[in-house]
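Hi,

Here is the structure we talked about. Please open it alongside this note; what I found follows below.

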Amino acid sequence: MDLHLTRTRVALTAAALLLAVAAPTAYANLAEADSSAPQRGAPYIETQLFFGTERPDGGPAVTDKQFMSFVDKEVTPDFPDGLTVQSGRGQWRDASGTIEKERSYELILLYPVGQAKASDRKIEEIRRAYEKEFGQESVGRVDDSARVDF
């Protein structure tokens, strides 16, 4: 192989790696440096939970009434300050490798950072309760930082 070609490939590979590692940091620093954007609200955690409605055993799908009853019983007592429920369509790969497409619900919770530890325990209890009550393999969870102002 030509020595010049090898050096060029090494240089290009090194440049690509440098960009891949440094670019996210550079963009994050640019966003933080923008002092023209006002900081509003208090630091919160936003948790999104994704609930499927099809039952793995082939039983009837979870209805709107059943889901809202579950929210009233299992979620509202632990998060009485508010929540959001959205209906949707989702898909995911189950434990056997099959892609499942189903009607779903997204539950959005916002809570102060100082309540994160206690809220985490409550959220995990909600996930396990849904899995048990409706025979689900899992309930998806996404946590993110947010600034919230009401």
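D94 touches E100 and E137, leaving aside residues up to four places away in sequence. Keep in mind that this is a predicted model. D94 itself is found in the loop between strand 2 (84-93) and strand 3 (99-112).

Is D94 buried or exposed? D94 is buried, yet has no salt bridge. The nearest side chain of opposite charge is R93, 7.5 Å away. D94 does have a polar partner: its side chain makes a polar contact with the side chain of S96, at 2.8 Å.

Now the chain as a whole. There are three helices and four strands. From the N terminus on, the order is α-β-α-β-β-α-β. The chain has 150 residues, and buried ones make up 24% of them. The accessible surface comes to about 10400 Å². Carbon and sulfur atoms account for 56% of that surface. Take the contacts between residues at least 6 apart in sequence: 69% of them join residues at least 24 apart.

On to the charged pairs. The count comes to nine salt bridges. One of them pairs the side chains of D64 and R103, at 3.4 Å from N to O. This pair links distant parts of the chain. D64 sits in helix 2 (residues 64-75) and R103 in strand 3, 39 residues apart. D64 has 47% relative accessibility, so it counts as partly exposed. R103 is also partly exposed, at 27%.

R141 is worth a look on your screen. R141 forms a salt bridge with D120, and the closest N and O atoms are 2.9 Å apart. R141 lies in strand 4 (residues 140-148) and D120 in helix 3 (residues 116-134), so the pair ties together parts 21 residues apart in sequence. D120 counts as partly exposed, with 35% relative accessibility.

R141 also meets E124 in a salt bridge, at 2.6 Å from N to O. E124 lies in helix 3 and R141 in strand 4, so this pair ties together parts 17 residues apart in sequence. E124 is partly exposed, with a relative accessible area of 23%.

Which residues do salt bridges with shared partners join into one network? They are D120, E124, R127, R128, E131, R141 and D143.

Best wishes

Note on methods:
Residues numbered from 1 in each chain as written. Predicted model: local features only at pLDDT ≥ 70, side-chain atom pairs only at ≥ 80, totals over all residues. Heavy atoms only, no water. Helix = DSSP H or I, 4+ residues; strand = E, 2+ residues; numbered from the N terminus. Buried < 20%, exposed > 50% of the residue type's maximum accessible area, 1.4 Å probe, protein only. Lys, Arg positive; Asp, Glu negative; His and termini not counted. Salt bridge = Lys/Arg side-chain N within 4 Å of Asp/Glu carboxyl O. Polar contact = N/O pair within 3.5 Å; in protein donor to acceptor, adjacent residues only side chain to side chain. Contact = heavy atoms within 4.5 Å. Areas by Shrake-Rupley, 256 points an atom, 1.4 Å probe, with all protein chains shown as cover.
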